[in-house]
Every structure is written in structure tokens, then in C-alpha cells.
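Open the model in your viewer and keep the selection panel at hand.

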Amino acid sequence: MDRVTARSPGEPEFHQATHEVIESIWPVMDRHPEFRDANILDRIVEPERVIMFRVPWVDDRGNVQVNRGFRIEMNSAIGPYKGGLRFHPSVNLGVLKFLAFEQVFKNALTTLPMGGAKGGSDFDPKGRSDGEVMRFCQSFMSELYRHLGDRTDIPAGDIGVGAREIGFLFGQYKKLANEFSGILTGKGLEWGGSLIRPESTGYGIIYFAEEMLKTRDDSILGKTCLVSGSGNVAQYAVENILRLGGKAVTLSDSSGFIYDGDGISHEKLAWVKELKDVRRGRIAEYADQFSAEYYPDQRPWAVEGAECAFPSATQNELSGEDAKQLLANGVYVIAEGANMPSDPEAVQQFVDNKILFGPGKAANAGGVATSGLEMAQNAGFTNWTRDEVDQRLLMIMVNIHRSCQEAAEHYGTPGNYVNGANIAGFIKVADAMLDQGVV
Ligand code: NDP
């Protein structure tokens with residue numbers, strides 16, 4: 001850890017993510033001297049390649065704007081680089097390195113052949129016209145396209161990159177490369193996308209929570225759930241909570257959260273999708289529309305009367321204090337929709353209290369897994385039905401849950417999904433790195 005901190009100063013999120021993994025896998029290093037001999041740890045924390053580039057574009061008023069673009073190609077030991085693109089003003093090298101690092105282990109857990117990567121820009125799509133977003137995406141892809149390929153690197157969406165952005169990015173790639181190939185996932189259904197890909201991350205976290213609950217002969221049915229975020233992951237988490245008979249009572253965005261004690265119904269959720277994906281409005285409007293409560297500048301973790309919580313907005317959105325509050329209020333099931341939403345003190349409390357805690361790299365892996373299924377359909381020039389993809393997603397989440405459980409048990413910490421996910425993901429990648437020599 002000292003070496004990581006010294007070599008990558010000023011990247012606190014990256015230090016946080018590496019620290020958690022290294023702590024979990026210590027018992028593995030003790031049992032596997034061959035990983036130490038090959039210096040796997042120093043190699044796995046170093047990206048295989050980092051691409052940073054200028055993204056100039058012209059706004060609607062004719063002003064020239066400049067953003068910074070990134071792609072972190074972290075590890076390709078088990079497959080081509082795979083991981084989302086994030087457009088958000090908070091994006092910097094350290095944030096993307098943490099996300100790329102997490103992605104390596106998450107992708108390994110899916111059992112599909114995908115290496116880990118992440119990319120994006122500090123561009124803020126909020127308040128920008130479609131024309132501005134298009135011009136930005138075209139400029140971004142004008143550099144990135146030379147690094148992509150359906151056997152090399154296949155990005156997807158993340159915060160601020162949804163169907164609209166993927167469309168503009170794909171269009172520019174196709175024009176520059178003169179090739180129609182599956183170099184992005186999350187594509188539109190008419191041009192190579194997969195059914196259930198938009199739903200997959202949100203559905204997957206609820207499937208994962210259901211698997212954790214089964215270990216205690218329990219289920220989501222009848223449970224009250226706190227959800228943060230109101231974007232892609234949060235929306236479909238709520239949808240799957242409804243399908244499995246639970247009740248979601250909160251949603252949030254970066255301005256505040258809403259509490260709806262009657263529960264967010266299918267009809268209200270359809271309204272939220274329109275609000276966020278089409279009108280690009282604020283979640284505060286929900287409170288006016290449905291006579292719900294709105295709490296500006298707050299997160300939903302102090303709401304009472306819930307058993308489950310699904311943080312699905314962004315990193316470090318749930319602090320040690322929030323964790324205390326959740327536990328005091330009787331929440332005992334947490335599955336992370338976002339990447340690293342719980343800070344280290346929060347994670348420690350969940351683990352110490354032995355609640356059912358599914359870390360993001362396991363619980364939200366359904367998104368990238370279904371991206372893998374989109375790649376398989378593209379490669380086979382075929383389309384699977386909605387049910388078929390949903391069934392495969394469910395089986396993948398069941399298997400990820402089982403691998404985490406088995407790894408945690410095997411290494412002496414039964415029920416600890418944090419250790420389980422880190423260990424199971426790490427061993428697969430480390431074995432592949434050993435086989436392939438020092439490259
Ligand atoms: P979206 O852009 O669709 O939605 C993001 C949501 O989080 C919005 O409600 C946004 O509010 C809120 N948010 C973003 N940044 C902040 C912040 N700094 N503080 C408070 N709220 C914030 O993104 P996704 O739903 O796709 O992603 C959400 C999380 O899930 C991310 O951590 C992402 O990495 C993770 N994830 C996503 C996957 C996917 O397939 N999309 C796969 C696996 C993980 P506002 O509108 O105000 O910005």
C-alpha cells in the first residue's frame with residue numbers, strides 16, 4: 001500500500017479500492033507463494049495502459065470548450081478490456097483508476113471472458129443541448145476510436161452515459177473506422193443492442209439480494225427498501241423490487257431525496273424514467289407530482305421502517321455515521337448498486353454486525369455480465385428473447401453469489417461477501433496472469 005500511495009499520489013479513491021482488495025486477499029497470498037514469487041500484487045495495481053487526451057468541442061454559442069478524456073486499460077489477463085465510460089465533472093485519473101481496478105475483479109466474477117477497464121471525461125452533460133452532447137461525443141470518440149475493437153476494448157455506459165451518448169459515440173466510431181462492429185455495449189435494440197441490458201444492473205442487484213436472503217430462508221417479498229440515485233441503476237432496482245413483491249420508498253439525485261410512504265408503483269416509476277431520461281429534470285419534481293416528501297441536500301439513509309438499502313448513485317455516498325443509523329433502524333440487507341458507495345467505516349460496520357452486505361463488485365456485476373451477453377449475440381449475429389437474457393442474468397447472479405459464499409468460507413470468513421468477492425475475483429485473474437508470464 002505504501003508503494004501504491006507513493007506512485008499514485010492524490011488518488012484517494014484508488015487507494016481506498018486497492019486497500020480493500022489487498023486486505024481481503026492477504027490469506028490468499030499466505031497460501032499461494034507462487035503469487036508472491038511472480039509479484040502479482042505490484043503488477044495488478046498498475047494499469048496496463050492509460051490513455052489521456054484533449055477533447056475540444058464547440059458549444060451552442062460558438063465558444064470553444066476543452067475537456068479531458070481518459071481510458072484506463074487496467075487488466076486483460078482473462079479477456080479484452082471491458083468497462084463503462086463516465087461523463088461527470090468529478091471524473092479524474094484517480095476516480096477512473098479505482099473504477100477500472102474494481103472492474104477487473106467484477107468481470108472475473110461474472111465467469112465471462114472480460115478484462116477490466118474504465119474511461120470517461122470531466123464533461124458535464126447536465127444542462128447541455130442534444131447538439132452539444134453530440135459534438136462532445138464525436139470529439140471524444142475521434143481520439144478513443146483508435147484504441148477500441150471488439151477483441152481489444154469494448155466500453156459501455158456509466159454515470160452520464162446512457163442510450164443517447166452511446167448512440168452518438170457509436171455513430172462516430174462507425175464513420176471513422178468504416179466498420180459496423182460491436183465496439184460498445186448498451187447499444188440501441190435496432191443496431192446490435194441486447195434486450196435487458198438497460199435493466200440488467202438494477203435487476204441484478206435485487207437478484208443478488210434475494211440470493212443473500214435465501215441463506216436465511218427469507219426473501220424480498222413484503223420488504224421495505226431504501227434506494228438512492230434515480231438514474232439507470234436505481235430505476236431498474238425499483239422495478240425488480242416491485243416484480244419480487246417488495247416496496248421501494250425513496251429515490252435521490254445530487255440535489256436531495258424523495259420519500260414516498262405509499263411506495264413507488266410501476267406508474268410512478270414510468271414517470272421517473274420520463275423525468276430523468278427524456279426531460280432530464282430533478283427528482284424534487286416527484287414530490288410535487290405525487291404529494292411525497294422531499295429532503296434537499298440529504299441522502300435517504302435516516303429513513304425509518306426499512307429492512308433493505310440499495311445505494312445506487314455514486315462512490316462514498318454512505319458514511320460510517322449513515323451505516324450506524326441504518327443498523328439502528330433495523331436495516332439488515334444491503335446490496336450496492338453503485339461502485340464503492342459505502343465508505344470504509346460503513347463497510348466495516350456492516351461486516352462486523354454480520355448483516356447481509358453485498359459489495360458492488362459482486363452485486364452490480366449483472367450490468368457488465370449482460371454486456372458480455374450483448375457481445376456474444378453480436379458475435380453470433382443473433383438476438384435472444386427478453387426472457388432468455390433475463391434467465392441468463394439470474395443464473396449469473398446466482399453463480400456470483402455462490403462463488404463469493406464459497407470463497408469466503410474457504411478462506412475462513414463465512415458470510416463475508418466483501419472477502420468472498422475480492423478473493424474469488426482475484427484468484428481467477430492472478431492464475432491467468434501466472435499462466436501468461438511476465439507481460
Ligand atoms: P446515471 O447517470 O443513470 O444516474 C446516476 C444517479 O446518481 C443520478 O440520480 C445522479 O444524480 C446520481 N449522482 C451522480 N453523481 C452523484 C453525486 N456526486 N452525488 C449524488 N448523486 C449523484 O448512472 P447509473 O445509474 O448508470 O450509475 C449509478 C452508479 O452505478 C455508478 O456508481 C455506476 O458506476 C454504477 N454502475 C452502473 C452500471 C450500469 O450498467 N449503468 C453498472 C455497474 C455499476 P444527478 O442526476 O443529480 O447527477
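Start at the interface of domain 1 and domain 2, where the rule finds 1 salt bridge (a side-chain nitrogen of Lys or Arg within 4 Å of a carboxyl oxygen of Asp or Glu). Select Glu-102 and Lys-361: they form a salt bridge, with the closest N and O atoms 3.3 Å apart.

A note on the source. This is a predicted model, in which local features need pLDDT of at least 70, side-chain atom pairs count only at pLDDT 80 or more, and totals for chains, interfaces and linings use all residues. Residues are numbered from 1 along each chain as its sequence is written, and side-chain values use heavy atoms, without hydrogens and water.

Next, colour 47-191 as domain 1 and 200-363 as domain 2; the bounds come from an automatic or database domain assignment. Their C-alpha centres lie 27 Å apart.

Show the contacts (heavy atoms within 4.5 Å). Here 13 residues of domain 1 touch 11 residues of domain 2.

How much area do domain 1 and domain 2 bury between them? About 990 Å², 48% of it on carbon and sulfur atoms; this is the accessible area (1.4 Å probe) that two parts lose on being put together, summed over both. In domain 1, select Phe-98, Glu-102 and Lys-106: these lose the most area to domain 2, together 44% of what that side buries.

Centre on Gly-182, Met-375, Gln-377, Asn-378 and Ala-379, the closest to the pocket centre of the 22 residues that line it (an atom within 4 Å of a point).

Note on methods: 1 Å grid on protein atoms, 1.4 Å probe; cavity = no way out; pocket = protein on both sides within 12 Å on 5 of 7 lines; lining within 4 Å.
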